[in-house]
Amino acid sequence: MRKQLVASVAMTALLAACIGEPGGQGVNSPKKTNPDTTTPTPTTPTPTTPTPTTPKPTTPKPTTPKPTTPTPTTPKPTTPTPTTPTPTTPTPTTPKPTKPKPTKPKPGTPKPSSEFPGNNVGITPPDQSQVSAINNSAAFWRQTDYTSIRFSADYYSFTILSAYHAIKLAYAHASSFTGKEITISILGPLGFHNEFTEFKNKKVTKATADKKGALSNIDSVVAIAAGSGEAGSLKGVAYDANLHIGSFVQDAVAVDETPLMSGLSETIIKATAANAKVSLLALDQLALGDTTYADYLKTSNSNPAKTIAENWALSNSAIKADKVLQTKFIPKFDELVAALKDFTKNGVLVLPAYETQKGQGIHFLAGLPMQVDELKEKSLAVASAMLAIEPYSAAILDIKLLGADAVVGAKTSKGAGCFQAAAYCLSAPAHIYSLAKKTDKQKYEQSVDVLYGAAVATGSVALLRQAFPTLKPEEIVDRMLASANNNFPSFKKTGTTTFTNGFQHDYNDEFGHGLMDLEAALKPIGKVGLPATTRAAGGVTPLSAFTLTRSEVVSPALNKALENTSFTMFDSLGAPFVTSGKLLTQQRASALNAELGKFKSTTAQNSSLQANFASFAFNQQNAPISHGNWQFGFDSAQAMAENLGFANTSATRLARSSSIMGLTANGFAAGALHKEGAATFGMFSYMDAATDNKQKIGFGATAAYKMDMGATYTLGLTSMRENGSFLGLGSAINTPEQIGELAAYNTSLSAGVKLPIAGLTFAANAELGISNGQEAGLISDISTGYYSGFALSVASNNNLLDGDQLSLSFSQPLYMEQGSLNLRLPQGRNLQGEVNFAEKHVDLADSARQFQVGFEYASPVTPATNFHLGGALMLNESGKQGKTGAKLLTSITHRF
């Protein structure tokens, strides 16, 4: 076998100049919670943590707290069995604390794409410069403070604390999610001052009468959740949200003043009527005295036949011995449960998670969802936490729950923690700059509170309700839990929750699922793609399975139609994300290798240096077989099509094909010729199976007549079956079992002429065809299509050197004259979790007709060396009116 080494030097100049281009152009499956009894491999997904922008402070403002050594609090949850985490002692960082100078944020934030109703979240993140500007704003820097957190008996982390940075709130605000048109219900102690700047210009509904002179922490809690930020006031998490406020006596000693007896249920009913999307129940006592969830469980286990209300009353030390009080409170408790059930049909219930009695775990209300099925999936417990943050990178070093031993100089009598509610609990920052507590003056302070984490979470739920208006309350809760960041040293897995489509996330008895992360909650969780079924939560198929390969015939019109179209993708939890239709198409890839291959010509006598169009001769190198007037031969499909008059490709090989046979770039053909005087008849069959599941099979017949003057006229007919494509348009990956298989039947009629005149060879051919496609994947309907193409060329030999050839050509690549297809694109979902689809009509003739002007020169330099030069100018390139492109390619081939 002869060996050859081909040395090719290629120079490609691709010009893409736009010259005068007009226009420039389901319901969730139940979660399974599995407490650990062994130590399995953690399944905690690594959250996406972009580097936050935290400006370096400049003016020193040190705070030197006195360390104390209080008795540590060890939670004793009932379920699941807790694992006592061993605190990790990070290397202390002691920067010089300084007072930051706020940077004025850039005005305006981008609006998310929302072409389809219910699709508010784009797959493309907001501009990072806007996120940085918001992080550097005065409102966010107010949340920065310096303090010491005790993480072990002898270690204090001197830390810059920034609650808003920690939960990545700027990402949500930069995405234009501010709580607009969302109503937040807050049920808490008396003392709300709606005349404060944070509230006076907001839509605030006071469902209960407040007691004059009452003082509490309610102002700070409401301001954290939804303060307006106007006139330099405190900006809350959901600063554009509306408010529905209910105020009650906390720690009441009179029966009629207790929340149950003073209108708590009625206030929740009013919040439901006001279409509140989230409610913070910032109370831990419903009646007289205190009840822990552990107390309730003991009573319930002893009285399994009694109702929840009866066991609650019997577990309350102030009520259980008084039949009269039981008669009063039990019906009111039932009313409360009924009101909460009705509210959570469309709203999320947020419950602060802390213990009121040391070592007993959560208070009763935080554990109520475990006893009421209708609340179980729609409630979010929140533990307030202190954060150790690396001063300049804002990376979270560790987390400590707020409690009696958590913060030097800021002790609380109530210890935060998820405890028995760990499976539906997460943590949020507790150290926040807000309105001062227990005052009727509009003053501000840095403080801590077991309710602050829940206030942050309440505002965050409002942002998610705005971002995902078609998600049900339980799906919003799932997103909050599944996106929480549990990648910090103190987190020790004690259980795993399995969400929709098998997505898993670990939780811990102290911190629940981890620290709330708004950026992660607003991004796809788990896998992302197109819906595998008509249910949003029915699983996803990767977008790559639907991405379409480029077709020179179909793609120009298809790309134009998709350019300004949006569609919806879904993540593993069934949330919709808007994205551009451009993702469904592929741009033209570099064809350098294929085009260079056309130039790997051989000798002067080889076919590449001759005007082969309609030569009706087989390549002699492939040893054709002759028998009488018949000749049988083999060749590439495109070469045989050229020889038999179907495709005038010898003129300019860089030009795109004007024949349907251009689809068989890797095909092989076998043919037969029969000569009768001046007439020649030919037939051939071909197959291109170079790509799995994308085969092209066909046959053709042709006739030619050679006149005395030397002119040759040809007429041909060919039929092609495409499997896995439609006029070259197919799936980017081979997954017919997932999306079905495109197919097409193409039939073409070709006519041509070749005429030698005065040493020049003129050639022309034209092709008309019809195509019938079979839809699959996103393509729901394909009409009968008609296509055309033509090529004109002139060639001369022996111009500069003996055996050289120069050819010029003008052609129209294959073009759709008529035809259309429909794309069935997902366009969001409804509240029932059903995916909405819409048909996008694509007119395949809606693109500019392309033309090509080309030249090619080939010459034998020596008997063993050939030189080849070619170029093409494309007019209306890629079907875009006025767009011009050009390419130039040269090669030198030498045989050894």
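## Helix packing and nonpolar cores

The buried residues (under 20% relative accessible area, 1.4 Å probe, protein chains only) of α16 pack against β32 (729-730), β38 (820-829) and β39 (835-843); helices (H or I, at least four residues) and strands (E, at least two) are DSSP runs numbered from the N terminus. Seven of the nine residues of helix α16 (residues 555-563) are buried, so this helix is largely enclosed by the rest of the structure. Among them are Pro556, Leu558 and Leu562.

This is a predicted model, in which local features need pLDDT of at least 70 and side-chain atom pairs count only at pLDDT 80 or more, while totals for chains, interfaces and linings use all residues. Residues are numbered from 1 along each chain as its sequence is written, and side-chain values use heavy atoms, without hydrogens and water.

A nonpolar core is a set of buried Ala, Val, Leu, Ile, Met, Phe, Trp, Tyr and Cys residues joined through side-chain atoms within 4.5 Å.

| Core | Residues | Including |
|---|---|---|
| Largest | 137 residues | Ile184, Trp312, Phe468 |
| Second, separate | 43 residues | Leu558, Met569, Ala641, Leu814 |

Beyond its neighbours within four places in sequence, Phe468 is in contact with residues including Val121, Arg479 and Phe577; contact means heavy atoms within 4.5 Å.

The axes (lines fitted to C-alpha atoms, for helices over the stretch in contact; angles run from 0 to 180 degrees between N-to-C directions) of helix α7 (residues 264-273) and helix α10 (residues 323-343) come within 8 Å and cross at roughly 15°. That makes α7 roughly parallel to α10 (angles under 35 degrees).

Note on methods. Buried < 20%, exposed > 50% of the residue type's maximum accessible area, 1.4 Å probe, protein only. Parallel < 35°, antiparallel > 145°, perpendicular 65-115°, else oblique.
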